[in-house]
Amino acid sequence: VLKSEELSDEEWAINAQNKWSTLTGNQVRFRYLKDGKVDLVEEARLPDGSGVVFNIDITEQKKRENELNRFRKAVDHSPIRIMMFDENKKLTLINESMKEHFESFNVDIDVGIDREEMRNVVLPNLDIKKQEEDQEEDTVDALLESRRRELEDSGYTLRMNYYKNGKRTLIQQKLLDDNSSVVYGVDVTELLEKEEKVEMLTNAIELQHNPVILFDKDHKVVFANKANRDRFHSSTGIDIYEGMPRDDLRNAIIASGSIATMEGNAATEEYFKSRVGFRNWANFEGNYTREVKFTDNTVILNTLTRGKDGSTLEVGTDITELKEKESELERLTQAIDQQENPVALWDADDNLIFCNKFWQNFIEEIGAIKLEPGVNRNELRQSIIDVNGVVSENGIEVIDREIYSESTFEYWEELQGAGSRELTFSNGRTMLMSHTRMEDGGTLTVGSDITALKKQMQISNRLKAAI
């Protein structure tokens, strides 16, 4: 027999005997045995002083009772909202989660309340318009009637409850064999909000003009937006589908012959056989970009991101126009570089952005600073003055270098629109330097070598004087 550890066997036996000796009438008690069994002991004292004792083995009943208690605790502490109604539609069970749900509307629901009464209390907190739209009913009565018929016909209903506070609950109701019913509610507000955000993002990506495609860890298509699907179909005649292996996409695009260059390499049969691009794609981690030019002269810059789960997101940006402008700029730069006249571009802070080779070589020839992007114009001016690089300005000889430095600084600071100066340098060459201040504060400098012209003018002037 299980007993208190504070009692010895002898004390326990004496105590039991004393209770029996003083017993009048009857008593019922439980006896728990060490082997796990439980007895229900009923003892009675008869009028003649004799007694009778009944021992009933209730071990199985106790087990079921314990299991039921554990089940009740589990139900009561479940995050799922649970209610039960009997065959008369009276509330017989409501767990803590369901109570808290109703309390958030300042509604107090107790066991025994009628289903209809409870509905009338809860109804004002529902977003009726949303409920009617969701279940395609025009009135509340029609809505409730459709639910009742569905439960009676199928024994099961599933619906979404929309509340005025923005919360949403998925409600499941099951009709049991004895006409009682159980109701389960799950708060899906956060889940649906995330789902809505994902749907918004998916729709936005779908409408993007840039091609987007997502592969899972096994390199199979999870999602491809319209721009990606359309480009692939126009190139290959094949439709991209969910679950399509990336190798199939790769093989189809290679077979189509629509790629001109890949990462700067000519898209030849030898290049694809080398599988260089395939290995780069398969083995990269983090982020990776590559440029693809198609035979229609479209250029796509693909940015790939490998997720921690092994998935890969590929986003393409059409840089065709940018590449065309880049080519035009490169041609222009080359043309300017080959000019035999100085050209320089300065930013709003008077830092050099670009100058051609002629001007670089010219400045080095007179011993001034080496011209490189980032050099400040004040540094250039001072270095030319320090080596007496300019001997005259607009035909006037430079005698005082400090005065010349100040006047040059003032000219540059006050420049608005366009201006020009005639400078004769220490190497004997004369340049007409034109400066144009741009809207962003930067300045374009363009020079013309007028050395030969100046000499011709001097000869002409001397000839006129002689005549």
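Predicted model: local features only at pLDDT ≥ 70, side-chain atom pairs only at ≥ 80, totals over all residues.
Residues are numbered from 1 along each chain as its sequence is written, and side-chain values use heavy atoms, with hydrogens and water left out.

Back to our pair. Strand β9 (residues 212–215) and β10 run antiparallel and are joined by three bridges. For the strand and helix names, helices (H or I, at least four residues) and strands (E, at least two) are DSSP runs, numbered from the N terminus. Two strands count as paired if DSSP finds at least two bridges between them.

Which strands make up the open sheet, and in what order? There are seven, in the order β10-β9-β15-β14-β13-β11-β12, with antiparallel pairing. At the edges stand β10 (221–224) and β12, each with a single partner strand, so one side of each has no neighbour in the sheet.

Now for the helices that pack on this sheet. Helix α8 touches β9, β10 and β13 (287–294), and its direction makes about 100° with that of β10. Helix α11 (residues 276–283) touches β9, β13, β14 (299–306) and β15 (312–318), and its direction makes about 150° with that of β13. Touching, or contact, means heavy atoms within 4.5 Å. For the angles, axes are lines fitted to C-alpha atoms, for helices over the stretch in contact, and angles run from 0 to 180 degrees between N-to-C directions.

Helix α8 also has a helix partner. The axes of α8 (residues 226–236) and α9 (residues 246–256) come within 9 Å and cross at roughly 50°. That makes α8 oblique to α9; angles under 35 degrees count as roughly parallel, over 145 as roughly antiparallel, 65 to 115 as roughly perpendicular, and the rest as oblique. Which residues meet here? From α8 we have Phe232, Ser235 and Thr236, and from α9 Leu249, Ala252, Ile253 and Ser256. The residues of this contact divide into four nonpolar, three polar and no charged. Here Ala, Val, Leu, Ile, Met, Phe, Trp, Tyr, Cys and Pro count as nonpolar, Asp, Glu, Lys and Arg as charged, and the others, Gly among them, as polar.

Let's slide along to β11. Three bridges join β11 to β13, and the two run antiparallel; methionine 262 stands opposite valine 292 in β13. On to β12: two bridges join it to β11, again antiparallel, with threonine 261 opposite alanine 266. The hairpin of β11 and β12 has two residues between the strands, and there glutamate 263 takes a positive phi near 55°, although it is not a glycine. Is glutamate 263 buried, partly exposed or exposed? It is partly exposed, with a relative accessible area of 27%. Buried means under 20% relative accessible area, exposed over 50%, and partly exposed in between (1.4 Å probe, protein chains only).

Asparagine 394 is another example: it has a positive phi of about 50° although it is not a glycine. Its place is the loop between β18 (390–393) and β19 (396–397).

From there we reach β20. β18 and β20 pair in the antiparallel sense over three bridges, with serine 392 facing threonine 424. Threonine 424 also stands opposite threonine 430 in β21, and seven bridges join antiparallel β20 and β21. Six of the eight residues of β20 are buried, so it is largely enclosed by the rest of the structure.

Finally, the cores. In soluble globular proteins, nonpolar side chains tend to be buried together. A nonpolar core is a set of buried Ala, Val, Leu, Ile, Met, Phe, Trp, Tyr and Cys residues joined through side-chain atoms within 4.5 Å. The largest one has 22 residues, and those with the most contacts inside it are Trp359, Phe362, Ile363 and Phe425. Helix α13 gives the most to this core, with four residues. Leaving aside residues up to four places away in sequence, phenylalanine 425 touches Trp359, Phe362, Ile366, Gly389, Val390, Val391 and Met431. A second, separate core has 21 residues, including Ala224, Ile259, Val292 and Leu304.
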